[in-house]
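Hi,

Here is the structure I promised to send over. Have a look at it first, and then read on for what turned up.

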Amino acid sequence: MEQGALIIETAGRELLDITARITVWLASARLVRGTLSVYCRHTSAGLLISENADPAVLRDLRRWLDRLAPETAGYEHDDEGPDDMPAHIKAMLTGGALTIPFAGNRLLLGTWQAIYLAEHRARSHRREIVLTGIGE
Amino acid sequence: MEQGALIIETAGRELLDITARITVWLASARLVRGTLSVYCRHTSAGLLISENADPAVLRDLRRWLDRLAPETAGYEHDDEGPDDMPAHIKAMLTGGALTIPFAGNRLLLGTWQAIYLAEHRARSHRREIVLTGIGE
Amino acid sequence: MEQGALIIETAGRELLDITARITVWLASARLVRGTLSVYCRHTSAGLLISENADPAVLRDLRRWLDRLAPETAGYEHDDEGPDDMPAHIKAMLTGGALTIPFAGNRLLLGTWQAIYLAEHRARSHRREIVLTGIGE
């Protein structure tokens, strides 16, 4: 078992590809085969796996999420700005905990898959991702 | 490895903070570091991680889910009451399986994170949550 | 630890119950107790757990997803057909990675739970699911 963390500075509102950083961490862990838990310690940012080939997919995903959880929906919780409650909703939808298998010290992602840190707040944030590799 | 279960009586339609009950279970397990799988054995209740500071966040999340999956949407499956199919939809959206890292025998939740059992049915239910700690 | 894969031919647009295939794989693994990671290596198909009793539930889930992510929503990414971007959205919503506990070499699914491979593309596809059992 190996455990560590990534600290990631996000720009506001983005889907940030963190696959390479996770891959580097896994390569440094002495594990060949098992599962990697990727965990986001925040409630207004999340994690998701999506297509890494056409950036238009990411723009469509973000526009769709923005329509589904708009800023102007009369939320009761609005102390932290109009982008805060939509961020909590989006984080609930995509979740912030992934478990991904690996073998040969490499993640078994599909050809078109990448791991994204979803920053749902308007401004940049410092986000902490906990990585736990379990296996042999 | 340690495995156990929590039995939780829910009131109808609520997001119930079960963090303390999970923390107590983990403290009794002889594991220092690893991942905890939290699994809900039901299809009309789920699990989610969200903000624990302002209860208005939870009310906003519930209202938003209610609008997204309303009771009056002409569902084909309506034998078990108008709240049943929306409950299945909400459980699909948030999921019912979480994997959370721990170290020093404590969950590595973020400062503002809590684990909620989402009861989506209108009436109270007895829900079973399986806990599996894997690590060392 | 045991790791393997299932190759599953889907028909287009379906929620395919893959519980039996996973159960057979687990039975062949030499593990009594632990967690099973089920991972879908695709971004236009996903995994979900839902009710296995009334097929109308599955039809309602699919109709609801179709309304939430319709084909005619003016997506920027449309090179691969009108069903592609809705498929990515649906895969983001339900996710493609599940962790399920097992004991006595059997999955601890609830009475009414089954594991579904959600094929969101219109045409049939060959999908790969990675299974990793961790435990003792």
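How many helices and strands does the secondary structure of chain A come to? Three helices and eight strands, and bear in mind throughout that this is a predicted model. Going along the sequence, the order in chain A is β-β-α-β-β-α-α-β-β-β-β. With a radius of gyration of 16 Å, close to the 14 Å that the globule rule gives for 136 residues, chain A is as compact as a globular protein of that length. Along the principal axes, its C-alpha atoms fill a box of roughly 50 × 30 × 20 Å. Of the 136 residues in chain A, 59% count as buried. Among contacts in chain A with a separation of 6 or more, 82% are between residues 24 or more positions apart.

Next, the interface between chain C and chain A. Here 26 residues of chain C are in contact with 33 residues of chain A. About 2500 Å² is buried between the two chains, and carbon and sulfur atoms give 60% of that. C:Tyr39, C:Glu76 and C:Met92 supply 27% of the area that chain C buries against chain A, more than any other three residues.

On the polar side, there are 13 residue pairs in polar contact across this interface. Strand S3 (34-40), helix H3 (84-94), strand S5 (97-103) and strand S8 (125-135) of chain C each supply at least two residues of the side that touches chain A. H3(C) gives the largest share, five residues. Sorted by class, that side of chain C has 14 nonpolar, eight polar and four charged residues.

The count of salt bridges between chain C and chain A is two. In one salt bridge, the side chains of A:Arg59 and C:Glu76 meet at 2.6 Å, N to O. Both residues also belong to a network of salt bridges that links A:Arg59, A:Asp60, A:Arg63 and C:Glu76.

Over all chains, the structure holds 33 salt bridges. A few within single chains:

- A:Glu2 pairs with A:Arg30, with the closest N and O atoms 3.2 Å apart. A:Glu2 is in strand S1 (residues 2-10) of chain A and A:Arg30 in the loop between helix H1 (19-28) and strand S3 (34-40), 28 residues apart. A:Glu2 is partly exposed at 21% relative accessibility, while A:Arg30 is exposed at 73%.
- A:Asp66 and A:Lys90 form a salt bridge at 2.6 Å, N to O. A:Asp66 lies in helix H2 (residues 55-68) of chain A and A:Lys90 in helix H3 (residues 84-94), so the pair ties together parts 24 residues apart in sequence. A:Lys90 is buried, with a relative accessible area of 6%, whereas A:Asp66 is partly exposed at 32%.
- C:Arg13 and C:Glu71 form a salt bridge too, with the closest N and O atoms 2.8 Å apart. The two sit 58 residues apart in chain C.

B:Leu61, in helix H2 (residues 55-68) of chain B, has a relative accessible area of 0% and so counts as buried. Which residues does B:Leu61 touch, leaving out those up to four places away in sequence? They are A:Met85, A:His88, A:Ile89, A:Met92, B:Leu15 and B:Ser50.

C:Arg121 is in the loop between strand S7 (113-119) and S8 of chain C. At 11% relative accessible area, C:Arg121 is buried because the cut-off is under 20%. Not counting residues up to four places away in sequence, its contacts include C:Glu80, C:Asp83 and C:Asp84.

Cheers

Methods
Residues numbered from 1 in each chain as written. Chains lettered and ligands numbered in written order. Predicted model: local features only at pLDDT ≥ 70, side-chain atom pairs only at ≥ 80, totals over all residues. Heavy atoms only, no water. Contact = heavy atoms within 4.5 Å. Buried area = accessible area lost by both parts, 1.4 Å probe. Salt bridge = Lys/Arg side-chain N within 4 Å of Asp/Glu carboxyl O. Polar contact = N/O pair within 3.5 Å; in protein donor to acceptor, adjacent residues only side chain to side chain. Helix = DSSP H or I, 4+ residues; strand = E, 2+ residues; numbered from the N terminus. Nonpolar A, V, L, I, M, F, W, Y, C, P; charged D, E, K, R; others polar. Rg over C-alpha atoms; globule rule 2.2 N^0.38 Å. Buried < 20%, exposed > 50% of the residue type's maximum accessible area, 1.4 Å probe, protein only.
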